[in-house]
Amino acid sequence: MFKIVSDKKPTWDQPKAIKEIYSYLEKWHKYQTLWWVTWSGKTFTMANIIEKVQKPTLVIAHNKTLAAQLAQEFKEFFPDNAVHYFVSYYDYYQPEAYVQKTDTYIEKEATINEEIDRLRHAATQSLLTRKDVIIVASVSCIYGIWDIDAYIDFAFDLKVGEFIKIEEILQNLVSMQFRRATSDFKPGNFLMMWDVLEIWPASEETVYTIEFWGDEVSQITRRNYLTGEIYEYLQEITIFPAKHTVTTKERINEIIPNIKTELDERLRYFKDEMWDILRYERLKTKVEYDIEMMQEVWYVNGIENYSRYLDWRDANLPPATLIDYFGDDYLCFIDESHMTVSQIWGMYAWDRSRKESLVNNWFRLPSALDNRPLKFEEFEAKMNQVVFVSATPSSFEIEKSTNDLSYFEWFDPIVDWDWKSSEENRVVSQVIRPTGLLDPEIEIKPMEFMVDDIIKNLDEVISKWERMLITTITKRSSEELCDYLLENWYKVRYLHSEIETLERLEILKLLRTWDIDVIVWVNLLREWLDLPEVSRIAILDADKQWFLRSKSSLIQIIWRAARNSNGKVFMYVERVKNLKENMEVQVYALWKLTKLDNWKFINEDMLVVSPAMKVAIDLTYYRRKVQAEYNEKYKITATTVFSSIKDIWVNTKKKEYALLDKQSVEKELKRLELEMDIASANLDFEKAAELRDAIIELRRWKKK
């Protein structure tokens, strides 16, 4: 059973939101929306709904960093249940592509993060073995994950007292893509030493040690792979495949005639319709090479392009995804739905465009088009019951959550909120912060002296033992501003999409632990971040009403400062006199806006204000007013609440080293050094470089 473990109880308007959402789910409404404001306890509300519904739950977030934080929060609320993190496991991913303009073919390249791969396996295996499961996933959950039935069929059990030949177990492990370890023992490997078999499942942080007496399994233990410490004695274990893309030689041999048939048909069409010897030979050579590799080693780089045959799917049918592991009855939360829904919507079109270019230019067979993410209508069909969660819901969520569309003809979900939810209009608001914190004040300033003004504010923030965020539009500008601040002896880091997922989490932790003063970021620190130390935010180019400065984006950025009682936001914009003639509409809008009492200007010069800025500022001050009235009515004093600073949710080698004593550290260093020498002697320089980095990291930890 899902059981929340927390000293907190639902307060203020949380009980109302929980009750209403649960009542709609009980009546089997498919769509409902939770409309919240930052710091109103959205995750706690979601946790309480999960506890009431008691169903396996999928939480989808549009960003890996946000998904990691959500998973961390849910793991704290449900320590006795299975909470998992499921995102793309690529640290670097260059998909196969063809650029027709330059006639350039780009081979697929990828580097897989083994720790995230382990977490993906843990997620799917929990879904197959228990019901109390919460999976926090990115949109990678709509991508094909291989045939589920085949994955389950490969799994096998081992029991104490069972008679089974060791050779049979080893054969099963090899067929499930496990590799025999030589020097580097890691997840997905096994190690045979006399009558002791060690298996490191792809989903675990520990290893299983199986001891034999002849052909009898005499003992099964779960151990720490470094120290050998026994965690528990087991009577039975289930071993799942080391990869989701598991297949057999028999399956490969069965599908090859089908691939050859499609190739022959394609080449025949090519000969008859549009003869081009270069493209003809290109496709023929590539597919025949793939077939030969699959026959020899059961695998080829790009085997996913033949997934339709491996899954025995008909053309145009959707692939199996993480969602299929949930079965028919589960609950889904789409967090920050105003971003996540549109991201899910766009995945198929982007993937289709890239694949069609490959197929039309004779690099791939048409069947490669069926290796794809779900179409949005397919995603909707797989949804059981959905709760959209957003502080700025779009018209899509509003329309799906109401049976009376005429009621919302006038409705702007960002600006208007003076209405009541009902059976026909299942949009439930949660807008009061239990802490009494007000939305931040906003000031608009010119861009000319932006850097000097930022430094002045940064000095004030540091003197008050608080922190600051700066958001730019481009990666280059974030890096340049970061370099300038570093030259002036400020502790600063930048964040953008090229920073690896786990490193982003480390940087956020450094900000909270006072190791850095300010983060300069591009579009990564908006939705769902708990940074109560941040009291000021600078928004550069706030008047550029593009995707990064839309009304939803600006509201989300502003609310990052709503977790501190001293919150303030500075919007840096152009002066009117610096504008070109085609900006007359914005100038007119500004003339109207300068008459509002809420707005502050540092001088008499006219500053540009976009329509998105107007909506964001008006809503911010309206909600300040609502919260202030509530505070006055119930005698609440607004106070900053500093939540506990958590370690990165996924484990790293540093945590494993912490388990070692001084003697074990020396032993581990010698082992790594020996493995590095062996790798160098075998000319495996990539492996040697990885081991060298591990040695350097362990030596640094040892000095600490």
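## A walk across the parallel sheet

Start by selecting methionine 468, which stands opposite valine 518 in β23. Before going on: you're looking at a predicted model, in which local features need pLDDT of at least 70 and side-chain atom pairs count only at pLDDT 80 or more, while totals for chains, interfaces and linings use all residues. Residues are numbered from 1 along each chain as its sequence is written, and side-chain values use heavy atoms, with hydrogens and water left out.

Next, colour strand β21 (467–471) and strand β23 (518–521), which pair in the parallel sense over 4 bridges. Strands here are DSSP E runs of at least two residues, helices H or I runs of at least four, numbered from the N terminus; pairing takes at least two DSSP bridges between two strands.

Now widen the selection to the open sheet, 6 strands with parallel pairing in the order β20-β25-β24-β21-β23-β22. At its edges sit β20 (441–446) and β22 (492–495), each pairing on one side only. From one strand to the next, the twist averages 20°. Angles run from 0 to 180 degrees between N-to-C directions, with axes fitted to C-alpha atoms, for helices over the stretch in contact.

Then show helix α18 (611–634), lying across β20 and β25 at about 150° to β20.

Last stop: phenylalanine 240, in the loop between β16 (236–239) and α7 (249–273). Leaving aside neighbours within four places in sequence, phenylalanine 240 has contacts (heavy atoms within 4.5 Å) that include Tyr151, Met176 and Phe178.
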